[in-house]
Amino acid sequence: MRVFGASLLAILWALACIEGAISHGDQPLAKIAIHNAKFALHDQASVKASPTVLGLGGQNTEFVTVEFSSPSPSVDDWIGVFSPANFSASTCLPEDIRVTPPLLCSAPIKYQYANYTSPNYKNTGKGSLKLQLINQRSDFSFALFSGGVVNPKLVAVSNSVAFANPNAPVYPRLAQGKAWNEMTVTWTSGYGINDAVPFIEWGLKGGDKVRSPAGTLTFDRRSMCGAPASTVGWRDPGYIHTSFLKELWPNLVYSYKLGHRLFNGTYIWSQQYQFRASPYPGQNSLQRVVIFGDMGKDEADGSNEYNQYQRGSLNTTKQLIEDLKNIDIVFHIGDICYANGYLSQWDQFTAQVESITSTVPYMIASGNHERDWPGTGSFYGNLDSGGECGVLAETMFYVPAENRAKFWYSTDFGMFRFCIADTEHDWREGTEQYRFIEHCLASVDRQKQPWLIFLAHRVLGYSSSSFYAEEGSFAEPMGRDDLQKLWQKYKVDIAMYGHVHNYERTCPIYQNICTNEEKHYYKGTLNGTIHVVAGGGGASLADFTTINTKWSIFKDYDYGFVKLTAFDHSNLLFEYKKSRDGKVYDSFRISRGYRDILACTVDSCPSSTLAS
């Protein structure tokens with residue numbers, strides 16, 4: 001730690017002089033007052049990280065041992081993980097020519113207190129941590145700070161650590177295409193179009209393989225709408241590639257791997273993955289769907305990235321992975337990873353869910369923490385996206401929308417039709433999105449696809465959450481004013497939401513009145529729509545109101561997710577499972593024939609007269 005050269009001096013100079021950057025939301029990385037950091041390098045302090053080269057066996061996740069010592073230890077000393085390893089301001093572009101020096105290039109991607117696994121650190125001045133790193137297209141360094149997170153003093157910086165191939169293709173994300181027999185594969189790499197040609201090598205499992213080209217997207221700091229995404233939260237996103245696998249045979253298993261052909265003729269490959277093609281619209285087969293919102297991410301090494309904010313997310317992820325053979329498609333309906341402008345967290349999230357997203361389609365919806373930012377066209381002018389203003393969600397994941405900046409779309413999966421709304425854009429009658437929603441609901445052939453599901457992030461239907469009760473609307477204000485007549489007219493079976501971090505199920509309901517007295521086994525016509533809040537994917541839980549909401553059948557203040565199982569055109573099973581154990585805590589069945597769907601209920605059929 002005694003010799004670092006000009007690079008370290010640049011780091012120290014930046015930390016000592018840097019201007020503050022405003023960050024927003026619940027992102028605990030924002031708690032680190034890096035603008036208050038002071039130079040306190042001590043020649044008797046040290047940080048050492050090993051091994052220095054990761055992923056020699058092709059893995060993209062590996063633990064690093066960080067050993068450190070300080071001559072003046074304290075209980076609030078902490079280790080920050082920085083990537084790139086040189087986290088100085090020397091490579092930053094100033095947002096304003098009057099700002100000198102420029103804002104800090106990169107906040108730490110995670111941090112942990114020095115005494116986390118070394119309880120005697122305060123007495124001995126020596127400690128160690130095991131921290132998990134993922135392949136994120138750059139090297140890493142570890143910095144020891146004293147003074148806590150409010151008045152940090154940089155004491156020592158480690159050697160750099162890197163993956164054997166930082167640019168390797170990683171974290172594939174499957175999604176349904178615009179056609180029923182099309183699967184898209186999106187992944188991240190460090191190879192731009194001037195470095196290599198991206199493609200997918202794929203085919204029926206055990207059969208001949210073909211190669212399909214991939215398109216490549218990226219963005220720069222100017223695409224961000226504000227801080228921290230454009231300042232201390234910025235991190236180069238690398239390159240995001242998407243390939244379209246077409247003319248798939250329903251329900252057959254395909255294998256694939258990600259590839260890049262370098263211009264020197266060398267090939268870079270990922271490991272091999274596999275997926276099962278989606279069923280044909282109307283196909284009568286067993287079909288299993290998982291739905292949840294607001295999961296976010298967490299660190300397996302216990303590092304204080306979110307400081308208890310999303311501790312349920314690892315359990316949810318674990319349960320889905322363990323039951324993956326019984327899941328055909330996943331819908332994550334908004335508030336994806338709560339990066340809130342700290343871009344490194346999107347890589348962390350895609351790594352956490354890779355086992356799921358590489359195997360089954362992972363369809364997302366837009367939430368407030370992906371999209372909202374003042375003056376950018378979002379329906380809500382808050383700061384929840386941390387300056388991302390939808391760019392990360394629209395680029396990192398594919399959805400079959402006509403325009404991904406307008407994040408509404410429909411997708412068919414066998415006997416299901418899903419209509420996914422974008423609550424961060426206006427949905428009221430007369431808007432473009434309202435017309436889309438009506439067309440999605442009206443155009444489905446219910447004889448072939450009897451199960452009609454409406455999905456959205458914010459609660460447009462019903463919720464007993466305390467903050468909605470305080471509004472007096474028990475949902476998003478104006479939420480169901482215009483949409484409930486569409487749900488009723490087109491006989492939507494279930495409307496499901498996130499945003500509220502708990503679980504709740506209503507009776508079949510229309511205009512605040514329960515239309516069916518049954519609670520667990522519905523036979524025949526529902527006469528209304530069942531509304532479900534499934535926002536307990538992982539983020540901190542939300543309280544219920546003490547007001548007795550008569551339309552609420554089941555409430556749970558816990559983490560969990562919903563699973564729908566269509567056995568055939570007449571029988572659907574709904575299950576709510578807790579993330580901590582995967583067991584079912586609420587369920588109901590719907591059993592009916594096509595005649596029950598055709599039957600008229602209140603406001604579901606046009607007025608008519610009998611003529612002789």
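User: Is Cys600 buried or exposed?

Analyst: Buried means under 20% relative accessible area, exposed over 50%, and partly exposed in between (1.4 Å probe, protein chains only). Cys600 has a relative accessible area of 56%, so Cys600 is exposed. Cys605 has 29%, so Cys605 is partly exposed. This is a predicted model: local features need pLDDT of at least 70, side-chain atom pairs count only at pLDDT 80 or more, and totals for chains, interfaces and linings use all residues. Residues are numbered from 1 along each chain as its sequence is written, and side-chain values use heavy atoms, with hydrogens and water left out.

User: What do Cys600 and Cys605 form?

Analyst: A disulfide is a covalent bond between the sulfur atoms of two cysteines. Here a disulfide is a pair of cysteine sulfur atoms within 2.5 Å. The sulfur atoms of Cys600 and Cys605 are 2.1 Å apart, a disulfide. The torsion about their S-S bond is about -100 degrees, so this disulfide is left-handed. Cys337, in contrast, is in no disulfide; the nearest cysteine sulfur, that of Cys389, is 14 Å away.

User: How many disulfides does the rule give?

Analyst: The count comes to four. One of them joins Cys225 and Cys389, with sulfur atoms 2.1 Å apart. Its torsion is about 80 degrees, so the disulfide is right-handed.

User: Which cysteine does Cys419 pair with?

Analyst: Cys440, with the sulfur atoms 2.0 Å apart. The torsion about that S-S bond is about -95 degrees, so the disulfide is left-handed. Cys419 is buried at 1% relative accessibility. Cys440 is buried too, at 1%.
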